[in-house]
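Subject: Structure for your review

Dear colleague,

Please find below the structure that I am handing over to you. My findings are set out after it.

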Amino acid sequence: RWQKIFTIPLWSRMAVFWNKMFLTIIVLLIVLFLDAVREVRKYSAVHVNERAANVNTNAFDHIQMKLFRSQRNLYLSGFSLFLWLVLRRTVTLLTQLAKGMASHAALEAQVNDATEAAKKYMAENERLQEALSEKGSSKKKESAEATDEKLKKEVEHLKAELQKTSDALHKANNEVTAVKRQSEGLKREYNHLMKEYERLQVS
């Protein structure tokens, strides 16, 4: 499903500018986060000073409001920055998984074709050997032996091709398994961080 989504023409056109857009939003979120940190430090210091000076209630409430807003901006920008990085990583893993599954399917089809061709050649080889055993002519035997040798070489070649394809399929399976493990690890980390976020919201 994700592979079909990523092959939509609109997404293909957006993917050209994806890195630029990602870096632009990262820079913007970092600037907002640093500004929120500065505001929190500023109004925290003012809050302590005004509380120590025992100013009137309206001024103290105004400073508390400013401090609350700056803390809210800090949490929003910080979690937005983090979740944007998680989104980027998730999209990358989904893309890798889709490509790995596509290559896995292509390799499976190639292995099946090679296996069928090898079975066909082996059956033909056995049929020729049976025909050779029935005929007693020496010339035909020599010709059949040459044909048999040629068929054996072709069978060996097909076996080698089948081995290469099987190795490639095994490698693709390992890559798909690794990507799935990365996706599961990312999912666990994301769930853990969402629990931390909920705990922070409650506190």
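The notes that follow go from the overall fold to individual residues.

This is a predicted model, in which local features need pLDDT of at least 70 and side-chain atom pairs count only at pLDDT 80 or more, while totals for chains, interfaces and linings use all residues. Residues are numbered from 1 along each chain as its sequence is written, and side-chain values use heavy atoms, with hydrogens and water left out.

Overall fold

The protein chain contains five helices and zero strands, and its pattern along the sequence reads α-α-α-α-α. Helices (H or I, at least four residues) and strands (E, at least two) are DSSP runs, numbered from the N terminus. Of the 203 residues in the protein chain, 21% are buried; here buried means under 20% relative accessible area, exposed over 50%, and partly exposed in between, with a 1.4 Å probe and protein chains only. The chain exposes about 15300 Å², and carbon and sulfur atoms supply 58% of that area. Accessible areas come from the Shrake-Rupley method with a 1.4 Å probe, and for residues only the protein chains shown count as cover. Among contacts in the protein chain with a separation of 6 or more, 79% are between residues 24 or more positions apart, a contact being heavy atoms within 4.5 Å.

Annotated spans

The UniProt record, an unreviewed entry, carries the annotation "transmembrane region" for residues 15-34 and 74-91. UniProt positions are given in the numbering used here, feature names are shortened, and annotations may be inferred rather than shown by experiment. In the model, residues 15-34 are 95% helix and 0% strand, with their end C-alpha atoms 29 Å apart. Residues 74-91 are 100% helix and 0% strand, and the end C-alpha atoms of this span lie 26 Å apart.

Nonpolar core and its surroundings

The largest nonpolar core has six residues: Trp-18, Phe-22, Ile-26, Leu-29, Leu-81 and Trp-84. Helices α3 (18-53) and α4 (57-134) each contribute at least two residues to this core, and the largest share, four residues, belongs to α3. A nonpolar core is a set of buried Ala, Val, Leu, Ile, Met, Phe, Trp, Tyr and Cys residues joined through side-chain atoms within 4.5 Å. Trp-18, a member of this core, is in contact with Trp-84 and Arg-88 when neighbours within four places in sequence are left aside.

Phe-33 also lies in helix α3 and is partly exposed, at a relative accessible area of 30%. Not counting residues up to four places away in sequence, Phe-33 touches Leu-74, Ser-77 and Gly-78. Phe-33 and Leu-81 are 48 residues apart in sequence, with their C-alpha atoms 8.2 Å apart in space.

Surface patch

Ile-5, Ile-8, Leu-10 and Met-14 form a nonpolar patch on the surface, which has about 340 Å² of accessible area together. One of these residues, Leu-10, lies in helix α2 (residues 9-16). Patches are made of residues with over 30% relative accessible area and no salt bridge, with like charges joined within 9 Å and nonpolar side chains (Val, Leu, Ile, Met, Phe, Trp, Tyr) within 5 Å.

Salt bridges

The structure holds three salt bridges, each defined as a side-chain nitrogen of Lys or Arg within 4 Å of a carboxyl oxygen of Asp or Glu. In helix α5 (residues 138-202), Arg-199 and Glu-196 are three residues apart and therefore separated by about one helical turn. Their side chains meet in a salt bridge at 2.7 Å, N to O. Arg-199 is partly exposed at 48% relative accessible area, and Glu-196 is partly exposed at 28%.

Salt bridges with shared partners join Asp-35, Arg-38 and Glu-39 into one network. Asp-35 pairs with Arg-38, their closest N and O atoms being 2.9 Å apart; both lie in helix α3, three residues apart, or about one turn of the helix. Arg-38 also meets Glu-39 in a salt bridge of 2.8 Å, N to O.

Lys-187 is placed in helix α5 and is exposed, with a relative accessible area of 58%. Lys-187 and Thr-90 are 97 residues apart in sequence, and the C-alpha to C-alpha distance between them is 8.9 Å.

With kind regards
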